[in-house]
Amino acid sequence: MSKPFIIAPSILSADFSKLAEEIKAVEKAGADWIHVDVMDGHFVPNLTIGAPVVNSIRPITKAQLDVHLMIDYPEKYLDDFLAAGADIITIHIESTTKAAECIQLIKESGAKAGITLKPGTALSDIKKYLPSVDLVLVMTVEPGFGGQSFMDDQVAKIDELKKLREENNYNYLIEVDGGVNAATVAKCKNADVLVAGSFVFKNDYAQSIKTLKEAK
Ligand code: DX5
Ligand code: ZN
C-alpha cells in the first residue's frame, strides 16, 4: 500500500468573502495543506493576493501554508512571505535568475523550498536544483487561473521526477497543480501532493478530498 496523497486545496477557488471559514472547513474536511496562489499580473495574466493575506490566515489554521509564487522577481518578496508564516514557498524557474539564492534563503529561514516550471518549460531547466529543494511542483495547466483542463502531456514530468528521485536519493516531494479531479487523479500516481481548487471548492469538501486522497 502506498501512502495516501497529501491534499492541498487551492484557496483560489474559495469564497474570499469568508476565507477564514473556508479554510477551517477544508481543514476539517481533511485537507493537509492549504495552497495559496500568489499572482502579480505580470508573470501571469491575473492578480490575486499577497503576503498580508498569508499573515491573516496563518493563525486560523494548523495546516501547512503552501505558497505558490507566480510573480516576477520572487527574491524581492521572500522575506515578506516568510515573515507572514509561509511553511513552503515555491518559485517558478522562469521568474528569476536567482533561483539558487531564493532556495537558499527560504531554507535558511526554516521553511521548505519548492521549484516549479510552466508546461512549456523542460524538466532539464530545473535539474540542477533537484538536490537542494524540498518540493518540485509540476504544473498541469498554464499558471494563472483555476478551473482549466489537466494537460496529459505533463504527466511524463511527474514520472521522470520520481525516477530521478529514486536514482539519486533526492528528498523532494512531487506536487501536481492544475485540473486535478476524480477523472485525472489516476495520472498523478507517481506524485505525493495534489493541489485541487475547483474540484474541492465546487463539490462536497470532505467527499472530494477523500476521493483524491484514497486514489493513490
Ligand atoms: C493555477 C494555480 C492552481 C489553481 C488550481 O495557476 O496554480 O493552483 O488554483 O485550480 P484547479 O484545481 O481548479 O485547476
Ligand atoms: Zn498553484
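Student: Is D177 buried or exposed in this model?
Tutor: This is a predicted model, where local features need pLDDT of at least 70, side-chain atom pairs count only at pLDDT 80 or more, and totals for chains, interfaces and linings use all residues. Residues are numbered from 1 along each chain as written, chains are lettered from A and ligands numbered from 1 in written order, and side-chain values use heavy atoms, leaving out hydrogens and water. Buried means under 20% relative accessible area, exposed over 50%, and partly exposed in between (1.4 Å probe, protein chains only). D177 has a relative accessible area of 8%, so D177 is buried.

Student: Which residues coordinate the zinc ion (ligand 2)?
Tutor: Donors are N, O and S atoms within 2.8 Å of the metal (3.2 Å for Na, K and Ca); water is not among the atoms, so sites may look incomplete. Here the distances run from 2.1 to 2.3 Å, and the residues are H35 (NE2), D37 (OD), H68 (ND1) and D177 (OD).

Student: What arrangement do the six donor atoms make around the zinc ion (ligand 2)?
Tutor: Six count as octahedral if opposite donors are over 155 degrees apart and all others between 65 and 115. The angles here span 69 to 168°, which makes the arrangement octahedral.

Student: How many residues apart are H68 and D177?
Tutor: Strands are DSSP runs (E, at least two residues), numbered from the N terminus. H68 sits in β3 (residues 64-70) and D177 in β7 (residues 173-177), so the pair links distant parts of the chain. They are 109 residues apart.

Student: What is the relative accessible area of H68?
Tutor: H68 is another zinc donor, through ND1. H68 is buried, and its value is 0%.

Terms used
Tetrahedral: all angles 85-135°; square planar, octahedral: opposite > 155°, others 65-115°. Helix = DSSP H or I, 4+ residues; strand = E, 2+ residues; numbered from the N terminus.
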